[in-house]
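Please look over the sequence and the model below. The text that follows goes through its helix packing and then its pocket.

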Number of protein chains: 2
Amino acid sequence: MTPEQMLDVAVEQARKGLAEGGIPIGAALFRDTGELLGAGHNRRVQNDDPSIHAETDAFRAAGRQRGYRSTIMVTTLSPCWYCSGLVRQFNIGAVVIGEARTFSGGHDWLSEHGVAVTLLDDKRCVAMMEDFIADRPELWAEDIGE
Amino acid sequence: MTPEQMLDVAVEQARKGLAEGGIPIGAALFRDTGELLGAGHNRRVQNDDPSIHAETDAFRAAGRQRGYRSTIMVTTLSPCWYCSGLVRQFNIGAVVIGEARTFSGGHDWLSEHGVAVTLLDDKRCVAMMEDFIADRPELWAEDIGE
């Protein structure tokens, strides 16, 4: 699977979240063989739960794994510090990011710590977040602790 | 409330987790006024969920909050990168740590980024983790991605 194909799964998740009235960020955890381990999206609004970002939802959906070095976290948006910390702690080997224009989290820090980071600058992802931030600035600020 | 009194709440959570057959790490989120917002413990085993560390469980239990600057995250063990990232992203103002002998996560990094860190070196916390790591080394390695 190409990074673009993996991103499609995360974009589908983000759209699902948006359709549910939530924050449109999606993620998926793959093996480097292309096997999908888990996918998810931000659930702050839907579950009234501030701890479920897209990446933590995908990580949870993948269940308990013994070792993440050969996994790839794919996310529609640059991972915040919380989600970057997840990637670093569990030694997730690679991160594929839809875009980092509307928000830039810890992806450079991950790069410095040996994570293979691919930034795609995907137009769908940028447009989805731009629209969301314009529509719901307070909700977005809440989600990133600002 | 003193840091030691707040730590007691986290220790009680860790013991609850241990009694459930889980990993004995507990946490609690307080306002700096002493109000308890939420408490929790690691639930990897109990919920079969790798995303629930003690700190993320306490954060979730506190529900959606608008601003964390005046909150204190109290945890029995030095927060791993995942939980340190949570603290940094949400601008949690202070962290009280039971011990950092058996595991050292991102607390120095948090300190560098303006979080007020108090390390108590609590004997109960050290003993609980030493016993757990000796009993269940594989489970502990899984929980910290090693």
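Helix H3 (residues 81–89) of chain A and helix H3 (residues 81–89) of chain B pack at an angle of about 170°, with axes 7 Å apart. The two are therefore roughly antiparallel to each other, a term for angles over 145 degrees, while under 35 counts as roughly parallel, 65 to 115 as roughly perpendicular and the rest as oblique. Axes here are lines fitted to C-alpha atoms, for helices over the stretch in contact, and angles run from 0 to 180 degrees between N-to-C directions. Helices (H or I, at least four residues) are DSSP runs numbered from the N terminus.

This is a predicted model, in which local features need pLDDT of at least 70 and side-chain atom pairs count only at pLDDT 80 or more, whereas totals for chains, interfaces and linings use all residues. Residues are numbered from 1 along each chain as its sequence is written, chains are lettered from A and ligands numbered from 1 in the order in which they are written, and side-chain values use heavy atoms, with hydrogens and water left out.

H3(A) passes H3(B) in a right-handed crossing, meaning that the near helix is turned clockwise from the far one by less than a right angle; anticlockwise is left-handed. Contact (heavy atoms within 4.5 Å) involves A:Trp81, A:Tyr82, A:Gly85, A:Leu86, A:Arg88 and A:Gln89 on one side and B:Trp81, B:Tyr82, B:Gly85, B:Leu86, B:Arg88 and B:Gln89 on the other. These comprise six nonpolar, four polar and two charged residues. Ala, Val, Leu, Ile, Met, Phe, Trp, Tyr, Cys and Pro count as nonpolar, Asp, Glu, Lys and Arg as charged, and the others, Gly among them, as polar.

Within chain B, H3(B) also packs with helix H2 (residues 54–61), at about 35° and with axes 8 Å apart. Here B:Glu55, B:Thr56 and B:Phe59 of H2(B) meet B:Tyr82, B:Cys83 and B:Leu86 of H3(B).

The largest pocket holds about 160 Å³ of space. A pocket is an open set of points on a 1 Å grid over the protein atoms alone where a 1.4 Å probe fits, with protein on both sides within 12 Å along at least five of seven lines; lining residues have an atom within 4 Å of a point. Grid points are joined across faces, edges and corners, and the volume is the space filled by probe spheres set on them. Of its 15 lining residues, A:Val87, A:Arg88, A:Gln89, A:Asn91 and B:Trp81 lie nearest the centre. H3(A) gives the largest share of the lining, three residues.
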